[in-house]
Amino acid sequence: MYAEQLLPHDIAAEEAVIGSLLIDSDSFLDVSHMIMPDDFYRDRNRLCFAACSELFRKGEAIDQVTVARELDRTQQLENAGGMAYLSHLVSITPTSTHAAHYAQVVYNTSTMRRLIDAASSISAIGYQDTDDVDITLRQAEDVLFGVRTRRPERGFIPLRQIYDQFLEERASIADPTADIAPVLTGFNDLDELLGGLQRSDMLILGARPGLGKSALAVNVSINAARQGSTVGIFSLEMSREQLALRILSGDAEVDAHRLRLGLYTEAEEQRIIDSIGNLSELPVFIDDTPFQGIPEMRSKSRRLSLSPDGLDLLIVDYLQLVQGQARARGGENRVQEISEISRSLKGIARDLRVPIITCSQLSRLVEGRPGHRPLLSDLRDSGSIEQDADIVMFIYREDVYYTEDEWDQHFPDRPYPRNIAEIIVAKHRHGPTGGVKLRFRNNLVRFDALGRDDDF
């Protein structure tokens, strides 16, 4: 019979962390982003670190006297071992230089303990009597994902802490390798209007069929990947082979139809080979499973985010093809189903801290409206799409609704906008709305920025 195993812990590292703080209060900046009071195994160490955290929050010095006073204020000084224990911590810590190393050890052992707790929780979930396996799997994934991402329970926090985080994030934006830097679309005017694609944001890209919403989403993903961002694409409409050929057509500048048929010149063939070599190196991952729901998409996205490649941008093409729980259970309330899908996609964006671009169909009301400019109310099946989205963009092309002769009759003083697409930012939670014009190259299924000499 095996003896009961002790939970992973390292008391010496815990004592060294607190001793470092008592020797040099500036060491708190080196460890505060790594550990919290709950990461300490021994109760008295947990109490001491919590007191140090409170002193730092109040902007007070951290030393034996102030920590003892703070513990006494909360009536925890005796439980923490008194002044004698604080003196002991200082005496056994040779230097505060290695505080971050000690904190890493504390964090590692704490993670292993939380993993053991997670295993017990997952085991309990598995014993539950339920017919909905998808919900059970999602609960288990949430437990395990919580260990990896270490998300503390959200509650009231002081405004000062929020501003501290804001300043840290603004400083990190200047570093393109930072995890919280925005993802750039590769279209300068659009990036200037949006400020890039912000982490945790859900962006809706809406258009009527055939206007290029899938093409624009793919363009953005390839541009982002060229700048080092890892992109995941859920292609629920097109197969991965079709999508790959579209990408290749645009990059090699070979007509998409002729590329599919193999009708290209020797010069074009060389460009195709060169493009395949370049595109193959990009961190772009495609999932073309045609019928899948939010639990599967969440699970796959998490696995990619935890892989060595990570995840910086997620594309969903398109929202109305995602299978909701209502449909899986035989429900018929389409509005409720789309609302659930929209909220869940926003939740994935926040959980993984990545922007999600979700393509969406627009209702036929656009076709019957004079001018045919899309409105937020045109988002198909549910008003909650508009509510959940941080940014809503539409693709509007006047050459789709006007022939050249009709254009000359209505707008004789304006050039015919052949292949000109306006990207209308109709909702922007964090900034201004407006429009950006791009050129749509239909034969290449690609959007390009307009040149300086273009007059539109």
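Trainee: In what order do the strands of the open sheet lie, and how many are there?

Mentor: In general, strands of a sheet pair through backbone hydrogen bonds, either parallel or antiparallel. Here the open sheet has 9 strands in the order β3-β2-β4-β5-β1-β6-β7-β8-β9, with mixed pairing. The strands at its edges are β3 (284-287) and β9 (446-449), each of which pairs on one side only. Strands (E, at least two residues) and helices (H or I, at least four residues) are DSSP runs numbered from the N terminus, and two strands pair if DSSP finds at least two bridges between them. This is a predicted model, in which local features need pLDDT of at least 70 and side-chain atom pairs count only at pLDDT 80 or more, while totals for chains, interfaces and linings use all residues. Residues are numbered from 1 along each chain as its sequence is written, and side-chain values use heavy atoms, with hydrogens and water left out.

Trainee: How many bridges join β8 to β9?

Mentor: Strand β8 (residues 434-441) and β9 run antiparallel and are joined by 4 bridges. Arg-441 has Arg-446 in β9 as its bridge partner.

Trainee: Where does Asn-223 lie, and is Asn-223 buried or exposed?

Mentor: Asn-223 belongs to helix α10 (residues 213-226). Asn-223 is buried because its relative accessibility is 18%; buried means under 20% relative accessible area, exposed over 50%, and partly exposed in between, with a 1.4 Å probe and protein chains only.

Trainee: Which residues does Asn-223 touch?

Mentor: Leaving aside residues up to four places away in sequence, Asn-223 touches Thr-185, Gly-186 and Phe-187; contact means heavy atoms within 4.5 Å. Its side chain also reaches the backbone oxygen of Thr-185 at 2.9 Å.

Trainee: How many cavities are counted, and which residues line the largest cavity?

Mentor: Rolling a probe the size of a water molecule over the atoms shows where empty space is left. A cavity is a set of points, on a 1 Å grid over the protein atoms alone, where a 1.4 Å probe fits but cannot get out, and lining residues have an atom within 4 Å of a point. The count is 1 cavity of 30 Å³ or more, and the largest cavity holds about 50 Å³ of space. Its lining includes Thr-185, Leu-205, Val-220 and Met-393. Grid points are joined across faces, edges and corners, and a volume is the space filled by probe spheres set on the points.

Key: A polar contact is a pair of N or O atoms within 3.5 Å; within protein, one must be able to donate a hydrogen and the other to accept it, and residues adjacent in sequence count only if both atoms are side-chain atoms. On a 1 Å grid over the protein atoms alone, a cavity is a set of points where a 1.4 Å probe fits but cannot get out, and a pocket is an open set with protein on both sides within 12 Å along at least five of seven lines; lining residues have an atom within 4 Å of a point.
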